[in-house]
Amino acid sequence: MYSLYRSVSTQMRTCPLLSVQPVRGLLDEKFQIVVTNLPPNQKVTLHSLHQSDDKDFWEAFGHYVSDEHGSVAGFKDESLGGTYEGTEPMGLLWSMRPIPGSRHGLRLRKRDIFRPMEVCISVYCEHLSQGFSQQTPLATSVTERWYIAPGVKRINIMEKEIQGTLFLPPGSGTYPGVLDLWGGGGGLVEYRSALLASHGFASMALEYTQDTDASYFEKAYQILNNHPMVKKDHLAVLGLSLGSAITLSMTSYSKVIKPQCCVCISGSHLMPVDKSLSDLFELMKNNADKLCVNENNQVILRNLILSLPSQSAKIDVGRIKCPLLLVNGDDDQAVPVVESAEDMAKMMKKAGNRHLLEILMYPGAGHLIEPPYSPHFRATNYKLQWTNERIVMLWGGQTKPHAYAQEDAWKKILAFLWQHLSAP
Amino acid sequence: MLAPIRTVSTERGTCPLLTVQPNRAQVDEKFQIVIMNLLPNQKVTLHSLHQSEDKDFWEAFGHYISDENGTVTVAKDESLGGTYEGTEQMGLLWSMRPVPGSRPGLRLRKMNILTPIVIHISVYNGHLSQDFSQQTPLASSVTERWYVAPGVQRVNIRENGVRGTLFLPPGPGPYPGVLDLWGGGGGLVEYRSGLLASHGFASMALEYLAPEELRTADVDVSYFEKAYQILQNHPKVHRDRMAMLGLSFGSAVTLSMAAYSKVIKPQCCVCISGSHVFPVDKSLFEVFEEMKKYMGRIYMNKENQVIHRDIILPIPSDPALKVDVGRIKCPLLLVNAGDDQNWASVESAEDMEMMMEKAGNRHLLTVLTYPDAGHLIEPPYSPHFRASNFILQEIKEKIVMLWGGQTKPHAYAQEDSWEKILTFLRQHLYFSSNFAVKAKL
């Protein structure tokens with residue numbers, strides 16, 4: 001291995017320097033990758049490697065040519081090929097995919113948010129597209145991507161059968177609160193709440209199952225609102241997918257849940273969740289024949305959801321009294337977000353509250369609009385809640401527009417939350 | 001950082017927002033501190049607090065007035081008072097001092113560098129100068145400062161009687177090697193080596209003064225030569241790209257090795273706050289015995305602080321009492337403080353320059369002298385210690401040693417010299433075209 005390096009350096013006669021700044025960043029922060037001390041006009045490959053909590057390897061790479069000074073600046077220069085092309089400062093993160101030979105249908109999600117995501121950035125000689133582990137890089141740097149800022153506190157919530165995790169920003173103040181709801185995949189997903197707390201929000205990630213009903217969410221909301229470190233009545237509800245439907249339903253109907261604003265990512269008002277979730281799942285089960293499968297055997301859920309209103313009522317969004325931000329990808333294959341958004345706008349216009357609605361529609365983005373620079377998953381393994389069947393769910397989207405959507409949406413979501421929650 | 005969009009609003013003044021970017025940084029990285037959502041022209045105090053490994057509290061603070069938008073930008077605005085004044089982006093770090101009521105003579109040093117330095121930054125209403133713990137801040141943030149970058153490997157070295165710690169940059173290497181020597185305070189001090197490894201150098205912090213483990217009679221030229229060879233022979237170290245870096249007494253060792261050793265032949269050397277007087281060409285025991293003869297030149301000022309610098313003054317003309325720096329064959333960088341009260345490093349540098357001029361190797365020498373800086377020129381943004389508790393090697397007594405320097409010029413010296421040291425090391429260990437690369441095929 002070392003003689004291989006030596007032979008390269010005999011040709012090159014240099015000791016390349018690779019720098020990644022910052023070397024420890026928050027997940028939503030950009031980094032700057034610079035390689036110096038290469039020979040001029042040298043073909044190199046910038047490569048990223050990460051081993052997930054599930055032990056799978058993910059990688060991305062871009063092909064560059066050094067300038068006349070022997071430098072490559074990842075944030076300014078163009079990638080000529082690889083898993084991303086063009087001038088993409090963060091391409092080495094968002095274009096990551098499982099390495100060849102990996103298991104299928106993988107999704108990258110962080111479970112242990114107290115340990116950072118470690119990404120190994122390397123620069124290789126020539127334009128490589130495979131076999132990275134068999135080559136010796138010219139230089140390597142390790143960068144950490146953190147979901148949680150220093151000083152953020154994590155508190156288990158296990159109160160009156162409510163299961164969740166509250167993340168509090170550092171300091172002794174009171175903070176605006178966010179009730180954070182994920183989708184039908186279930187479990188207790190903490191990383192978005194940890195990131196929100198890193199931006200100054202007391203954010204509670206809530207776990208819920210199909211046996212929950214409206215009173216469960218109301219109790220959770222009250223626990224958050226009554227917490228001594230939460231600014232009372234400065235709350236938002238943020239949901240993704242099924243969590244969005246719950247958000248819309250609670251905000252429309254609940255006498256207890258009265259947030260200052262709501263954010264619904266990849267959601268729809270066509271999923272009736274006002275009674276209990278098990279009723280919704282029963283409805284989905286009874287309409288299983290409307291589920292489509294594409295030529296790759298990936299399940300397309302959107303059509304099933306589109307068919308639901310013929311069986312039961314839509315969520316009456318005309319009753320919503322607070323600002324509502326919808327964040328959607330127009331290639332969403334799991335939920336009919338485009339149709340829902342149009343219909344919601346019509347309903348709200350009729351009811352006189354259209355001015356509360358803001359719609360962000362991202363062309364080419366799919367369903368899983370996650371925090372910035374997360375890889376894009378067009379389809380992944382999934383367990384259908386109403387049948388317990390293991391399938392491959394088609395989420396949709398193309399990688400580059402999806403990455404743009406994640407980055408832009410996050411900025412706008414944070415700005416929206418601050419705007420509506422930091423009033424006196 | 002994604003700042004909230006806050007346009008002109010009647011609701012300003014609530015929910016002040018404090019951001020520290022990056023909030024996990026390397027020790028030598030600058031941070032940007034911005035406070036937003038204050039009232040216009042509001043008096044505020046920015047405060048930093050740190051609890052050391054010894055459990056003492058250190059703090060710094062600056063008095064600011066927000067602009068018409070209710071914003072304070074530390075990198076651009078002036079502190080009107082506090083522990084630092086003026087436009088000082090990093091003042092909250094380098095002007096830190098022990099909180100009132102602390103034990104006297106403290107020095108802030110991190111011994112476990114695998115964990116970060118944790119600093120609490122807060123904004124208070126009004127211009128406060130004390131009793132911060134009794135006030136509720138308007139906003140708080142916590143920031144981490146790291147001596148080691150991710151992926152840097154720490155390797156214990158206990159080989160052949162040599163004691164040290166090697167820090168390796170991430171990746172396959174090989175890397176240029178740096179032998180890193182501290183001064184007469186002794187012990188195994190790792191943080192500078194951790195930082196050097198974070199900049200791409202395989203750096204070995206060497207322990208050579210350890211009363212419990214090493215007898216000074218056993219630490220002689222061969223000890224340092226063995227240490228150098230252990231580093232040079234390491235599979236991840238580039239044997240033809242080596243440097244020695246020393247501070248204080250470590251500088252005397254560095255100069256002696258560079259001048260006399262047949263084994264230690266670095267590509268370059270850095271000597272911080274050092275001197276060529278008292279050559280280390282025998283065992284440390286013998287060197288200290290020699291120095292004891294001049295103890296009469298050390299005295300105490302009226303604050304009972306020991307001034308050590310005159311021990312080598314006047315600079316002897318007898319060549320036996322000085323390292324023959326005319327024999328040095330590699331580039332040499334001297335980093336000196338104009339107010340060094342511990343070693344007469346400025347006078348030494350002048351004498352070294354004369355000797356090298358005479359010997360014909362003056363072109364190898366670069367001298368950086370920082371007016372009003374003190375002896376302990378540490379990595380950037382470390383607080384300044386004008387005097388601190390110390391155990392004097394020659395007599396094994398606990399005293400308060402005067403290091404010298406004024407805080408602001410000392411902070412400047414640390415920041416500027418570190419950059420120049422890194423540039424010097426890169427120039428001679430990374431970018432030099434004078435390397436004969438042996439192709440082992």
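Student: How many salt bridges are counted between domain 1 of chain B and domain 2 of chain B?

Tutor: This is a predicted model, in which local features need pLDDT of at least 70, side-chain atom pairs count only at pLDDT 80 or more, and totals for chains, interfaces and linings use all residues; side-chain values use heavy atoms, with hydrogens and water left out. Residues are numbered from 1 along each chain as its sequence is written, while chains are lettered from A and ligands numbered from 1 in the order in which they are written. In chain B, the domain assignment (automatic or from a database) gives domain 1 (17–146) and domain 2 (153–429). Taking a salt bridge as a side-chain nitrogen of Lys or Arg within 4 Å of a carboxyl oxygen of Asp or Glu, the count between these two domains is three.

Student: What area is buried between domain 1 of chain B and domain 2 of chain B?

Tutor: In contact (heavy atoms within 4.5 Å) are 25 residues of domain 1 of chain B and 28 residues of domain 2 of chain B. Carbon and sulfur atoms give 62% of the buried area, that is, the accessible area (1.4 Å probe) that two parts lose on being put together, summed over both. The total comes to about 2100 Å².

Student: Which residues of domain 1 of chain B lose the most area to domain 2 of chain B?

Tutor: Three residues together account for 33% of what the domain 1 side of chain B buries. They are B:Asp28, B:Trp94 and B:Arg107.

Student: How many residues apart in sequence are the parts tied together by B:Arg103 and B:Asp56?

Tutor: These two residues form a salt bridge, with their closest N and O atoms 2.7 Å apart. B:Arg103 lies in the loop between β7 (97–98) and β8 (117–125) of chain B, and B:Asp56 in the loop between β4 (43–51) and β5 (57–65) of chain B. The pair therefore ties together parts whose separation in residues is 47.

Student: Is A:Arg24 buried or exposed?

Tutor: The side chain of A:Arg24 meets that of A:Glu144 in a salt bridge (3.0 Å, N to O). This pair links distant parts of chain A, 120 residues apart: strand β2 (residues 24–26) holds A:Arg24 and strand β9 (residues 139–146) holds A:Glu144, strands being DSSP runs (E, at least two residues) numbered from the N terminus. A:Glu144, at a relative accessible area of 8%, is buried, a term for under 20%, with exposed over 50% and partly exposed in between (1.4 Å probe, protein chains only). Because its relative accessibility is 4%, A:Arg24 also counts as buried.

Technical notes. Helix = DSSP H or I, 4+ residues; strand = E, 2+ residues; numbered from the N terminus.
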